[in-house]
Structure formats: structure tokens, C-alpha cells
Amino acid sequence: MRAKLCRSKATAVLSTLTAIVLGGCPAEPQENLEHGTVQLQLTRGQSETDNPYIGTVRIEVTLTYLECLTDFYAANPDQRQTGPEGSLVFGTLEDGGEGWFDRLCDSGEAAQVDCTVERFRQELDSASQLTVTYLVEGDPEGRDLPFGPLPKPALAMCEAGGQPIVRVATSASVRGLDGNDDLVWSAQSFSPDSAFTDQGQKIKIRAARPGD
């Protein structure tokens, strides 16, 4: 796993010296991000007596953009993954933008899956969806998996009081793979099937091994 390092942006000598003395990094001002996440909670399917997540090396999640997000990317092509602004959103922090390639798995929350992003794949032609592939360590069962980046409501500007919603379309939309990219588990069920950016409610994924 990539080390979770605090990125010091201290500009004052006093703050820097204080951080050194205390053995930590100086506090950073809160960032004003235009994108956020939805949270998936990985649980065991009702048919599973044993932990279905054992052996998981990768997790692949594909969530469908509903109308607001489809309209947003149609109206703002520069915000797409391949666009000049979107490439900084989906890129690394070193690229100079929001850097969700590094940021997505770096929340520091104890309940989160130990993960790093392997790749993003945004599709906006025949399908309207985002796929995130994660590399994971440890046992994902009972832990939360952040999915994004997704425009926040203020950026998406949904019509008629709508929200920037993504949806789990099928059981194959959330699945775990081993080191050979063979299927370990997929979503046996999920509820609710949708969420909007930075919504408190999590999408609960109940996983099962093939044939269960």
C-alpha cells in the first residue's frame, strides 16, 4: 500500500518548528473541494457462513451516473476524465488539482478498507458510468469503501432540486478479484441501490462467492 503521508504546506517558520518538536505535521487549512464521494459498506451475504472476502486483491466498482451527472458531463466536457480540468480531478496530487487518484483512499478513517486506487475508467458514450479499481490489503468485511470522485451538488447544479446520484445497476457492478483476476465474490444484494455525493447514508453491499 502507498504510505499515507501528510503533505506539509506550512508557510510559517514557527509552525514548522512546532511540528518538528511535537513530532508531527502542521495542521492544514480545510480544502474547498468541488468533488466528493459516496460510501459502500461491504458486508456478508445472507447465504454466506464463511467470510466471502478472503482472497480479495482487487475490488472493482462500477456505478451508473443518473440524469444530473449525465447532463453535467454533457454540458461540461472539460470536466470529464479526459478533459483538461477533469484530468486534474482524476489525477494525482502532484498534477496540481484535487488529485483523487491519491485522495480517494486517503481519508484516514478507521472503518475504511485499506486500499489504493489502481485506475479510474469513466464512460460517457454508450454507457454513463464510472468504474474504480482498487488494490486492497487486509480483510474488507465490515469496512467502508469510498467511491468517487463525484461532483458535489453545488458544482453539479442539478435541475428541479435534484441530486448528483449514482446507482448500483447489477450484482456484477461490485465485485472482488484475486491476484489472477479471477472472481472471488460479487454483490448478492445491495440496499439502497443509489446515493448522492457526500450523502451520509451508505450503500450496503452483501457479497457472496460464485454459486452461493
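This text walks through a predicted model of one protein chain, from its overall make-up to a few local details.

The chain has 212 residues, and buried residues make up 41% of them. Its secondary structure consists of five helices and 10 strands. Among contacts with a separation of 6 or more, 62% are between residues 24 or more positions apart.

The next feature is the largest pocket. Rolling a probe the size of a water molecule over the atoms shows where empty space is left. In this model, the largest pocket holds about 520 Å³ of space. Its lining is made up of 19 residues, and those nearest the centre are Trp100, Arg103, Asp106, Ser107 and Glu109. The most comes from S1, which gives four residues. By type, the lining of the largest pocket divides into eight charged, six polar and five nonpolar residues.

Aromatic rings come next. The chain contains five aromatic pairs. In one of them, Tyr65 and Tyr73 have their ring centres 5.3 Å apart and their planes at 35 degrees, an arrangement that counts as tilted. Both Tyr65 and Tyr73 are buried. Ring pairs also bring in Phe72, so that Tyr65, Phe72 and Tyr73 form a cluster.

Another pair joins Phe101 and Phe120. Their ring centres are 6.4 Å apart, and the pair is edge-to-face because the planes stand at 80 degrees, where over 60 is required. Phe101 belongs to helix H4 and Phe120 to strand S3 (residues 114-123), so this pair ties together parts that are 19 residues apart in sequence. Phe101 has 21% relative accessibility, so it counts as partly exposed.

A further phenylalanine, Phe196, lies in strand S9 (residues 194-196). Phe196 is partly exposed, because its relative accessibility is 24%. Leaving aside neighbours within four places in sequence, the contacts of Phe196 are with Thr37, Val38, Gln163, Pro164 and Ile165. Pro153 is 43 residues away from Phe196 along the chain, and the C-alpha atoms of these two residues are separated by 8.6 Å.

The last details concern the backbone. Most residues other than glycine have a negative phi, and most peptide bonds are trans. The peptide bond from Gly148 to Pro149 is cis, with omega near 5 degrees. Pro192 sits in the loop between strand S8 (183-191) and S9.

Met157, which is not a glycine, has a phi of about 50 degrees, and Met157 is placed in the loop between helix H5 (153-156) and strand S6 (165-167). The loop between H5 and S6 also holds Ala160, whose phi is near 55 degrees. Met157 has a relative accessible area of 66%, so it is exposed. Ala160 is exposed as well, because its relative accessibility is 85%.

Notes:
Residues numbered from 1 in each chain as written. Predicted model: local features only at pLDDT ≥ 70, side-chain atom pairs only at ≥ 80, totals over all residues. Heavy atoms only, no water. 1 Å grid on protein atoms, 1.4 Å probe; cavity = no way out; pocket = protein on both sides within 12 Å on 5 of 7 lines; lining within 4 Å. Points joined across faces, edges and corners; volume = space filled by probe spheres on them. Helix = DSSP H or I, 4+ residues; strand = E, 2+ residues; numbered from the N terminus. Nonpolar A, V, L, I, M, F, W, Y, C, P; charged D, E, K, R; others polar. Buried < 20%, exposed > 50% of the residue type's maximum accessible area, 1.4 Å probe, protein only. Contact = heavy atoms within 4.5 Å. Phe/Tyr/Trp six-rings, centres within 6.5 Å; stacked < 30°, edge-to-face > 60°.
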